[in-house]
Amino acid sequence: GHYDFYHENMYFFNINEGAITDVEMVKVNEIAEYMKAYAEAKVTISGYADKGTGNVSINESLSKRRAEIVAEVLKDLGIEANRISTVAMGDSEQPYEKAELNRVSICIVK
């Protein structure tokens, strides 16, 4: 059933930025639509920053901002705050080999 649904979406940001592009907005809308269809679904949004730029404290706040921006958009689209969790990963974890891909927010819906 839909309880097994596991959805991971990546949102890429430009260097030192937290704005969501139109292309990425399409993905955020998809998550919102899914969450509206399945009221028990919750999302965890992890923000990342790439290690090659900035420093630990800059990257920590940037990754937090990236996660929070995606969360704000979901709230604007009608998803309740208590269904959304955000985590700031800073540059402590680098999910991708290519540095620039780590300017990202990863959403996992369960």
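1. A residue is called buried here when its relative accessible area is under 20%. By that cut-off, 38% of the 110 residues in the chain count as buried. Keep in mind that this is a predicted model.

2. Quick orientation before the details. There are two helices and four strands in the chain, and reading along the sequence gives the pattern β-α-β-α-β-β.

3. Helix H1 runs over residues 22-37, and its length checks out. With 16 residues at 1.5 Å a residue, the helix should span 22 Å; the end C-alpha atoms of H1 sit 23 Å apart, so the two figures agree.

4. Which residues of H1 are buried? Glu24, Val28, Ile31, Ala32, Tyr34 and Met35 are. Because they cover an arc of only 160 degrees around the axis, they fall on the same side of H1.

5. Now the strands. S2 (residues 43-47) pairs with S4 in the antiparallel sense, over five bridges. If you want a landmark in that pairing, Ile45 stands opposite Cys107 in S4. How many of the six residues of S4 are buried? Five are, which leaves S4 mostly covered.

6. Gly90 deserves a paragraph to itself. You will find Gly90 in the loop between strand S3 (84-88) and strand S4 (104-109). Is Gly90 buried or exposed? Its relative accessibility is 1%, and therefore Gly90 counts as buried, the limit being under 20%.

7. What does Gly90 touch, leaving aside residues up to four places away in sequence? The list is Gly47, Tyr48, Ala49, Asn59, Glu60 and Ser63. One of these, Gly47, falls in the range given for S2, residues 43-47. As for Leu62, 28 residues separate Leu62 from Gly90 in sequence, yet their C-alpha atoms are 7.2 Å apart in space.

How values were computed: Residues are numbered from 1 along each chain as its sequence is written. This is a predicted model: local features need pLDDT of at least 70, side-chain atom pairs count only at pLDDT 80 or more; totals for chains, interfaces and linings use all residues. Side-chain values use heavy atoms; hydrogens and water are left out. The expected span of a helix is 1.5 Å times one less than its number of residues. Buried means under 20% relative accessible area, exposed over 50%, partly exposed in between (1.4 Å probe, protein chains only). The arc is that of the directions from the helix axis to the C-beta atoms. Contact means heavy atoms within 4.5 Å. Two strands pair if DSSP finds at least two bridges between them.
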